[in-house]
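Work through the following exercises with the sequence and the model side by side. Each task is followed by a solution that goes step by step.

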Amino acid sequence: MVQKKRSTKAQKKRRASHFALQKVNMTKCSHCDKPVLAHRACQACGYYRGRQVLEVEAKELKRMEKEKAKREKEAKKEEKKEDKKAKKVQV
Ligand SMILES: [Zn+2]
């Protein structure tokens, strides 16, 4: 569509008065107390209205694996640091 006439400042601002994003209302999960969108199953534990409706095990497993990998990485880094220190001491 091609613009036919320029829109005035006031027109633009009037239109823009509805552009603001609305704050999302979060409620607490009844099962794990984490913030949850209303009328939606909890993403953390998969509970909705007191019963499990989602399988979140896979997600949790993934997260745990990630954390494990992170920890291993950090451990390796520390080992390297210690090795460097040991070498310095030897010299
Ligand atoms: Zn939950």
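**Exercise 1: Fold pattern and overall extent**

Read along the sequence, the elements of the protein follow the pattern α-β-β-β-β-α, where helices (H or I, at least four residues) and strands (E, at least two) are DSSP runs numbered from the N terminus. The radius of gyration of the protein, taken over C-alpha atoms, is 27 Å, well over the 12 Å that the globule rule gives for 91 residues, so the protein is more spread out than a compact globule; that rule is 2.2 Å times the number of residues to the power 0.38. The model is predicted, so local features need a pLDDT of at least 70 and side-chain atom pairs count only at pLDDT 80 or more, while totals for chains, interfaces and linings use all residues. Residues are numbered from 1 along each chain as its sequence is written.

Task: state how many helices and strands there are in the protein, and describe the box that its C-alpha atoms fill.

Solution. Counting the elements gives two helices and four strands. Taken along the principal axes, the box filled by the C-alpha atoms is roughly 80 × 45 × 25 Å.

**Exercise 2: Burial and contacts**

Task: find what percentage of the residues of the protein count as buried, and what share of the contacts with a separation of 6 or more comes from residues 24 or more positions apart.

Solution. A residue is buried if 20 or more other C-beta atoms, placed from the backbone, lie within 10 Å of its own, exposed if 12 or fewer, and partly exposed in between; by this criterion 2% of the 91 residues count as buried.

**Exercise 3: Individual residues**

Solution. Lys12 belongs to helix 1 (residues 9–16) and is exposed, because 11 other C-beta atoms lie within 10 Å; its C-alpha atom is separated by 64 Å from that of Lys85, 73 residues apart along the chain. His39 lies in the loop between strand 2 (35–37) and strand 3 (47–48), with a phi near 60°, a positive value in a residue other than glycine. Arg49 is placed in the loop between strand 3 and strand 4 (51–52), and its phi, near 50°, is positive in a residue other than glycine.

**Exercise 4: Confidence**

Task: which elements have the lowest and the highest mean pLDDT?

Solution. Among the elements, helix 2 (residues 57–90) has the lowest mean, 80, and helix 1 the highest, 96.

Technical notes: Contact = placed C-beta atoms within 7 Å. pLDDT = per-residue confidence, 0-100.
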